[in-house]
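Hello,

Here is the structure I promised to pass on. Please open it first, then read my notes below.

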Amino acid sequence: MADSPTSSPLADFSAAMTGGQTFTLSGRPARHTVLYFYPKDNTPGCTTESLAFRDLHEQFRAAGAEVYGISRDSLRSHEGFKAKLELPFELISDPDEAVCQAFGVMKMKKMYGKEVRGVERSTFVIDADGRLVKEWRGVKVPGHVDEVLEFVVRR
């Protein structure tokens, strides 16, 4: 998607997240909300991506952006993953895939030669008015978080 300040607002949604909280899109006060969708807690690529968001978290905050990770894992799994990696941001649990479906990130993928249905690694930046202003789909982890940070700093 091109940078498009005229895009229409996303439909509001709520979902459970770590820390006993509920994420509600319309309740985000940040200038930008960064939602990164990842396939599974405690897997190599997802760990690497989450660590990169962790390590640049203060720079995202300084740029007026709040970061949230989201996958189909349970809150219990998320709490363990968050604690293990010392993530300074919350993780959203989407076991029924409602949010994944809304963002179109469920895809058929090849894993060990078999087709499986899973989350396509994707990142979305939403502005304070609830408008989608940037998306990355089919993300490759190396360098991705730096690119997202560069985008929110420029806006």
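From the N terminus on, the order of elements is β-β-β-α-α-β-α-β-α-β-β-β-β-α. That makes 5 helices and 9 strands. Keep in mind that this is a predicted model.

Next, the overall form. The chain has 155 residues, and a compact globule of that length would have a radius of gyration near 15 Å. The protein has 15 Å, so the two agree. Its C-alpha trace spans about 40 × 30 × 30 Å along the principal axes. Of the 155 residues, 48% are buried. The accessible surface comes to about 7,700 Å². Carbon and sulfur atoms hold 51% of that surface.

Now the interior. In soluble globular proteins, nonpolar side chains tend to be buried together. The largest nonpolar core here has 24 residues. Val34, Phe53, Phe60, Val125 and Val152 have the most contacts inside it. Several elements give two or more residues to this core: strands E3 (32-37), E4 (65-71) and E9 (132-137), along with helices H1, H3 (75-85) and H5 (144-154). H5 gives the most, with 5 residues. A second, separate core has 19 residues, including Ile92, Val99, Phe103 and Ile126.

Leaving aside residues up to four places away in sequence, Phe53 touches Val34, Tyr36, Phe60, Val67, Phe89, Thr123 and Val145.

Then look at Glu49, in helix H1 (residues 44-55). Is Glu49 buried or exposed? Glu49 is buried, at a relative accessible area of 1%. With residues up to four places away again left out, Glu49 touches Tyr36, Tyr38, Arg121, Thr123, Val139, Val141, His144 and Val145.

Last, the cysteines. How many disulfides are there? The count is 0. A disulfide needs the two sulfur atoms within 2.5 Å. Cys46 is buried, with a relative accessible area of 1%. Cys100 is buried as well, at 0%.

Over to you.

Best wishes

Conventions:
Residues are numbered from 1 along each chain as its sequence is written. This is a predicted model: local features need pLDDT of at least 70, side-chain atom pairs count only at pLDDT 80 or more; totals for chains, interfaces and linings use all residues. Side-chain values use heavy atoms; hydrogens and water are left out. Buried means under 20% relative accessible area, exposed over 50%, partly exposed in between (1.4 Å probe, protein chains only). Helices (H or I, at least four residues) and strands (E, at least two) are DSSP runs, numbered from the N terminus. Contact means heavy atoms within 4.5 Å. A nonpolar core is a set of buried Ala, Val, Leu, Ile, Met, Phe, Trp, Tyr and Cys residues joined through side-chain atoms within 4.5 Å. The radius of gyration is taken over C-alpha atoms; the globule rule is 2.2 Å times the number of residues to the power 0.38. Accessible areas come from the Shrake-Rupley method with a 1.4 Å probe; for residues, only the protein chains shown count as cover.
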